[in-house]
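Please look over the model below.

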Amino acid sequence: MTNTSETLVDGPVLSTWTAHADASIELAPEQVRNFSPRAEHFPRGSRVFLTHLTGKPEALQVEAALRIQEMGYVAVPHFGARNFKTEKDFVELISAHSRNGITEALFLGGNPPLFAGPMGESAQLLAHPVLKDSTIKTAFVAGYPEGHPNIVEIGLKDALRRKVDICRDRSLEIRVASQFAFDGRMIGAWAESLHTEYPGLAVHVGLAGVTSLTKLIRFSMMCGVGPSIAALRRSASGLFNIIADRNPAEVLEAMAASYPEPTAPVHLHFFPFGGWEKTLSWFGDYREARGQRAIDR
């Protein structure tokens, strides 16, 4: 991660695909009412993911998705299996989004380790018959470039295989959206390994947006981001580096160096911990500078 003013890092350019990749952003439903990005930073047709958190009214997510769709973006609501108290709650939420013509969604297990409802895994949601008659045709599932704190690697691979099979059996387009991490080379290698195992699979790599180092570390610990957090801690030398905003330019450059010629789609998914305005404005500048740098060379 670099300071906000450092749009690019020094070194040879191996690939320019990060400057041209489609970008999406994640918002809480209540943030949507003030979401009005500049078209040059976030063009119409881009994806906006909407969180699904325990204790939040699901009607708020439905309203936010409809507003996002009316603005010309693609709404991608989250569905967390463990957040549903009953199967009926899941059915009703799917039905509400279907009435509004929502076509994409992210299916998750959810965060609570203990839950009272009948479903605890995203595969249970994907296999539910309500999806057959819904408007949802694209299913995102979670990916973990550096592993999961509570699931062994073989378990993650088996779970992804099961979800891929479920989606293919039900004619759902499956895509992977990953947790954010800070080791670009590791992210690139992980995306390449998915493309080797699942040719043509679209991968949306998670990136922390522009924010301070202290916030990044705090959110990383909250979200279970493990090994690559060490890179953040090593960069925390001096007061300015701690309080200054950081951006993911170095992560993107390392990712492109690690996987310079993707064999299937790789997109960018931003978690805007410091606010969507900062992140989208920075990425617009990054695109422009990265493209110009390639032309100059």
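## A loop serine

Is S171 buried or exposed? The model is predicted, and in it S171 has a relative accessibility of 64%. The cut-off for exposed is over 50%, so S171 counts as exposed.

S171 sits in the loop that runs between α5 (153–169) and β7 (173–180). Its backbone deserves a look too. The phi of S171 is positive, near 60°, and the residue is not a glycine. Most residues other than glycine have a negative phi.

## Helix α2

Helix α2 covers residues 58–70. Its 13 residues, at 1.5 Å a residue, should span 18 Å. The end C-alpha atoms of α2 are 19 Å apart, which agrees.

Which residues of α2 are buried? They are Q61, V62, A64, A65 and I68. Seen down the axis of α2, these buried residues fall within an arc of 165°, so they line one face of the helix. Their cover includes β3 (47–50), β4 (74–80) and α3 (87–99). The face turned away from the buried side of α2 carries E63 and E70, which are exposed. After α2 comes G72, with a positive phi near 100°.

## Helix α3

Helix α3 also has its length checked. At 1.5 Å a residue, its 13 residues should span 18 Å, and the end C-alpha atoms are 19 Å apart, which agrees.

The buried residues of α3 are F90, L93, I94, A96, H97 and S98. What covers them includes α2, β4, β5 (104–108) and α4 (122–126). Just after α3, G101 has a positive phi of about 75°.

## How α2 packs on α3

Two packed helices are described by the angle between their axes and the distance between the axes. For α2 and α3, the angle is about 20° and the axes are 10 Å apart. That makes α2 roughly parallel to α3, since the cut-off for this class is under 35 degrees. The crossing of α2 past α3 is right-handed.

Which residues make the contact? From α2 come E58, Q61, V62 and A65. From α3 come D89, L93, A96 and H97. Q61, V62 and A65 are also among the buried residues of α2. L93, A96 and H97 are likewise among the buried residues of α3.

## How α6 meets α10

Helix α6 spans residues 184–197, and helix α10 spans residues 249–258. Their axes come within 7 Å and cross at roughly 45°. The two helices are therefore oblique to each other. α6 passes α10 in a right-handed crossing.

On the α6 side, the contact residues are G184, R185, I187, G188, A189 and E192. They meet V251, A254, M255, A257 and S258 of α10.

## L194 in α6

L194 is part of helix α6. What is its relative accessible area? The value is 7%. The cut-off for buried is under 20%, so L194 is buried.

Which residues does L194 touch, leaving aside its neighbours within four places in sequence? L194 is in contact with L160, V176, L201 and V203.

Notes: Residues numbered from 1 in each chain as written. Predicted model: local features only at pLDDT ≥ 70, side-chain atom pairs only at ≥ 80, totals over all residues. Heavy atoms only, no water. Helix = DSSP H or I, 4+ residues; strand = E, 2+ residues; numbered from the N terminus. Expected span 1.5 Å × (residues − 1). Buried < 20%, exposed > 50% of the residue type's maximum accessible area, 1.4 Å probe, protein only. Arc of directions from axis to C-beta. Contact = heavy atoms within 4.5 Å. Axes fitted to C-alpha atoms, helices over the stretch in contact; angles between N-to-C directions. Parallel < 35°, antiparallel > 145°, perpendicular 65-115°, else oblique. Left-handed = near helix turned anticlockwise from the far one by under 90°.
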